[in-house]
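Work through the exercises below with the sequence and the model side by side. Try each task before reading its solution.

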Amino acid sequence: MTLDRIRALSRWAVWLLLALILFASLSSIETRPHLWMAGANLERFSGFFAITAAFGLAYPRRLGWLALGLICLAIGLEVAQTLVSSRHGRPHDAAIKIAGVVIAAAIVAAGNKIEEKWLRPSR
């Protein structure tokens, strides 16, 4: 699979992941999807890690802005959870989500540098 194909698939994955994260974050606790045998912190981290990685693959030149936007989203979703009667927004939860964003962004940025420096043909 070529890098262009991976980027195209990532563009679709980004929007699906965003919809899933919004639903999982704002639905009632009873209807919220759960990963099997995973704790809530792992779910928070992996969701934001996955969407950051997908965004980074789909739009590599905008990774910094996208990461900043996802950090704002993480904070905003925790604030919005205070409006859902069966949910609660906590700074700890936002920190776990932000850690997922930062770690994924660092990995994707490193991968982009490797791709740019060593894998692209010289022109």
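The model is predicted: local features need pLDDT of at least 70, side-chain atom pairs count only at pLDDT 80 or more, and totals for chains, interfaces and linings use all residues. Residues are numbered from 1 along each chain as its sequence is written, and side-chain values use heavy atoms, leaving out hydrogens and water.

**Exercise 1.** Classify the aromatic pair of Phe 45 and Phe 49.

Step 1. Rings of Phe, Tyr and Trp (its six-membered ring) pair if their centres lie within 6.5 Å; planes under 30 degrees apart count as stacked, over 60 as edge-to-face and the rest as tilted.
Step 2. The structure holds three aromatic pairs. In the pair of Phe 45 and Phe 49, the centres are 5.8 Å apart with 25° between the planes, so the pair is stacked.
Step 3. Both residues lie in helix α2 (residues 40-58), four residues apart; helices are DSSP runs of H or I, at least four residues, numbered from the N terminus.

**Exercise 2.** Determine whether Arg 7 and Glu 115 form a salt bridge, and whether each is buried or exposed.

Step 1. A salt bridge needs a side-chain nitrogen of Lys or Arg within 4 Å of a carboxyl oxygen of Asp or Glu.
Step 2. The closest N and O atoms of Arg 7 and Glu 115 are 3.8 Å apart, and the two form a salt bridge.
Step 3. This pair links helix α1 (residues 3-26) to helix α4 (residues 91-119), 108 residues apart.
Step 4. Buried means under 20% relative accessible area, exposed over 50%, partly exposed in between (1.4 Å probe, protein chains only). Arg 7 has 10% and is buried; Glu 115 has 14% and is buried.

Key: Helices (H or I, at least four residues) and strands (E, at least two) are DSSP runs, numbered from the N terminus.
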